[in-house]
Amino acid sequence: MSENPRTISMMFTLLVLILLCATVGSFGQEQQVAIEQVEEVPPPLITLSKDEADQLKIQTNVKQRTLLCLQLADSRLQQAETLTNKADFQDALAALGGYQAVIDNGLNYIKNLKDDSSKVRDNVKRLEIALRQHAPRLEIIRRSTPFEYALRLKIILKFAREARSRALNLFFSDTVVAGETSAETPVTNNSGASSFHPEKKQP
């Protein structure tokens, strides 16, 4: 006796569903393994080396200290690029941890100066320009790095973007640009009220 066509159709549909579930389950397991691989890569230590810390500590001139900071950051970045090309991805990641520490140190130093002079603004701008130039180099490192390091590299790229935003905020903040107000800018007096000091017209 031949099988009922409807029964055959139902059996075929059931078989397809079983195969589909097996495929989806296998794909989900592969994704889970990939996620676990990413989590197994430890984050780099964001810390200065003793030599870097000593060099920065003894430099008190804001311009020279900023230039030194950028020199050390570039050295760390070059090291990461070289190690990435050699497929030494773990050490490259460690170098980028040092890069973050140097940049963070430079920004915090200027922020803590609470100096409104134009030379401080100039050095903030130096940091911002350098961070803008670092972005494509960091992106090349990310693209050259295996998948299991992707999360760590994305975090470092995010750090660089946020560091640049911090530099821009410092550049335009009141603590940096105070004293450079225009003739039409409101100035707060001791009582807390705001008043205008328009430019006097020449007779």
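Reader: Which is the crossing of helix 5 and helix 6, left-handed or right-handed?

Author: This is a predicted model. In it, helix 5 and helix 6 make a left-handed crossing.

Reader: Why are helix 5 and helix 6 called roughly antiparallel?

Author: Start with the angle. Helix 5, residues 118-143, and helix 6, residues 150-172, pack at about 165°. Their axes lie 9 Å apart. Angles over 145 degrees count as roughly antiparallel. So helix 5 and helix 6 run roughly antiparallel to each other.

Reader: Which residues of helix 5 and helix 6 meet?

Author: From helix 5, the residues include R121, V124, L131, A135 and L138. From helix 6, they include L153, L157, A160, A163 and F171.

Reader: What makes A160 buried?

Author: A160 sits in helix 6. Its relative accessible area is 5%. Buried means under 20%. A160 is therefore buried.

Reader: What does A160 touch, not counting residues up to four places away in sequence?

Author: On that count, A160 touches L131 and L138. Look at A135 as well. A160 and A135 are 25 residues apart in sequence, yet 6.9 Å apart in space, C-alpha to C-alpha.

Reader: Why do helix 4 and helix 5 count as roughly antiparallel?

Author: Their axes cross at roughly 160° and come within 11 Å. The cut-off for roughly antiparallel is over 145 degrees. Helix 4 and helix 5 are therefore roughly antiparallel. The crossing of helix 4 with helix 5 is left-handed.

Reader: Which residues make the contact of helix 4 and helix 5?

Author: On helix 4, they include L96, Y99, I103 and L107. On helix 5, they include V120, N123, V124, L131 and L138. By class, the contact of helix 4 with helix 5 has 12 nonpolar, three polar and no charged residues.

Reader: What makes helix 3 and helix 4 roughly antiparallel?

Author: Again, check the angle. Helix 3 and helix 4 pack at about 165°, with axes 8 Å apart. Roughly antiparallel starts over 145 degrees. Helix 3 and helix 4 are therefore roughly antiparallel to each other. Their crossing is left-handed. The contact of helix 3 with helix 4 holds 18 nonpolar, six polar and three charged residues.

Reader: Which residues touch the most other members of the largest nonpolar core?

Author: That core has 35 residues. L96, Y99, I103, L107, V124 and L138 touch the most other members. Helix 3 (62-85), helix 4 (89-113), helix 5 and helix 6 each give two or more residues to this core.

Reader: Which residues does Y99 touch, not counting residues up to four places away in sequence?

Author: Y99 touches A73, R76, L77, L131, H134, L138 and F159.

Reader: Why is K63 called partly exposed?

Author: K63 is placed in helix 3. Its relative accessibility is 38%. Partly exposed lies between buried, under 20%, and exposed, over 50%. K63 therefore counts as partly exposed.

Reader: How far apart are K63 and V124 in sequence and in space?

Author: They are 61 residues apart in sequence and 9.7 Å apart in space, C-alpha to C-alpha. K63 touches N123 and R126, leaving out residues up to four places away in sequence.

Reader: What makes A87 partly exposed?

Author: Its relative accessibility is 49%. Exposed needs over 50%, and buried needs under 20%. So A87 counts as partly exposed.

Reader: How many helices and strands does the protein chain have?

Author: The chain has seven helices and two strands. From the N terminus, the order is α-α-α-α-α-α-α-β-β.

Reader: What share of the residues in the protein chain is buried?

Author: Buried residues make up 30% of the 203 residues.

Reader: What share of the contacts with a separation of 6 or more joins residues 24 or more positions apart?

Author: Such residues account for 68% of those contacts in the protein chain.

Note on methods
Residues numbered from 1 in each chain as written. Predicted model: local features only at pLDDT ≥ 70, side-chain atom pairs only at ≥ 80, totals over all residues. Heavy atoms only, no water. Axes fitted to C-alpha atoms, helices over the stretch in contact; angles between N-to-C directions. Helix = DSSP H or I, 4+ residues; strand = E, 2+ residues; numbered from the N terminus. Parallel < 35°, antiparallel > 145°, perpendicular 65-115°, else oblique. Left-handed = near helix turned anticlockwise from the far one by under 90°. Contact = heavy atoms within 4.5 Å. Core = buried A, V, L, I, M, F, W, Y, C linked by side-chain atoms within 4.5 Å. Buried < 20%, exposed > 50% of the residue type's maximum accessible area, 1.4 Å probe, protein only. Nonpolar A, V, L, I, M, F, W, Y, C, P; charged D, E, K, R; others polar.
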